[in-house]
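Have a look at the structure before reading on.

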Amino acid sequence: MTPNTGRIALFTTFALIAFAANSVLNRLALGGNTIDAGSYIGIRLVSGALTLWLINALSKQHFSLILRGSPFSALYLCLYGVAFSYAYRSLSSGTGAFILFGTVQTTLLTTLLVRGERPHVSEWLGLILAFSGLVYLVFPGLSAPDPLGAALMVIAGIAWGFYTLRGKGVKDPLETTAQNFLFSVPMVLVVIFFTYSKAHVSTEGVSYALLSGAIASGIGYVIWYEALKGLTTTQAALVQLSVPIIAALGGVFFLSENITNRLIIAGVLIVSGVSGALLGKQYFHKGKLCNT
């Protein structure tokens, strides 16, 4: 049965907002030096795991010990979270977003091509248009990025790309995501152990980490896995290009950043590109152009 389009659109929108919220919360916490990166990602993953376990237990009255989650997915999740948090200590938000989502799209589309899939021409055109908007948004303000920060964000992008690919087709997104989070906890504890001497926390920083873990990450990733049931690999790559725009708007409201003409123009380009890519293939496939 074909997934309901409206349901998939709603889930996708919620997931993208959650992804953007992670960026805003991360900048609020680490940019304000309210918590160290190791403690932040540790609290984020542990709170996400606990939230998902609780939701799963309440909805099913049990938590299956059957291996639905994957140690490999957990590893990608942990790599993404750790690299993402540490990278933003030295990268500006625009530079970080460009490197992260550029790497995610490259990972997804490269995998698609290796598997023998070929995107429709409308998807390629939409990708180019959306990507040009993203470049226009961040390029004029770019300075030479910190090499270590840039390398960490590339790792985060690759890890998230593979986590996305492994999420397609899972039968139980809630239980799978819960177990992925649980499997990732021991991994991130190793990171915390080696960075313990530099740890510092505050109530504000812990609050940001809890919001990121329980809501934006835990619940957001379950919704993303549900959305992936109705998205092609190309579509999954394209829609995530809108996250930096959503994050930028979040910055306006939560970080007192200004709305500029550059942001408006880039937003139009990205939304147009994503919309064209998502709708174009279906439009051509139904032969509507040929019948006009």
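The largest nonpolar core holds 74 residues, and those with the most contacts inside it are Phe 19, Met 153, Trp 160, Tyr 221 and Trp 224. (A nonpolar core is a set of buried Ala, Val, Leu, Ile, Met, Phe, Trp, Tyr and Cys residues joined through side-chain atoms within 4.5 Å; buried means under 20% relative accessible area, exposed over 50%, partly exposed in between, with a 1.4 Å probe and protein chains only.) H1 gives this core its largest share, 11 residues. This is a predicted model, where local features need pLDDT of at least 70, side-chain atom pairs count only at pLDDT 80 or more, and totals for chains, interfaces and linings use all residues. Residues are numbered from 1 along each chain as its sequence is written, and side-chain values use heavy atoms, with hydrogens and water left out.

Trp 224 is in contact (heavy atoms within 4.5 Å) with Phe 19 and Trp 160, among others, leaving aside neighbours within four places in sequence.

A cavity is a set of points on a 1 Å grid over the protein atoms alone where a 1.4 Å probe fits but cannot get out, and lining residues have an atom within 4 Å of a point. Its lining includes Phe 19, Trp 160 and Tyr 221.

Three helices (DSSP runs of H or I, at least four residues, numbered from the N terminus) come up here:

| Helix | Residues |
|---|---|
| H1 | 5–31 |
| H3 | 71–87 |
| H4 | 93–114 |

H4 gives the largest share of that lining, 3 residues.

How values were computed. Helices (H or I, at least four residues) and strands (E, at least two) are DSSP runs, numbered from the N terminus. The expected span of a helix is 1.5 Å times one less than its number of residues. On a 1 Å grid over the protein atoms alone, a cavity is a set of points where a 1.4 Å probe fits but cannot get out, and a pocket is an open set with protein on both sides within 12 Å along at least five of seven lines; lining residues have an atom within 4 Å of a point.
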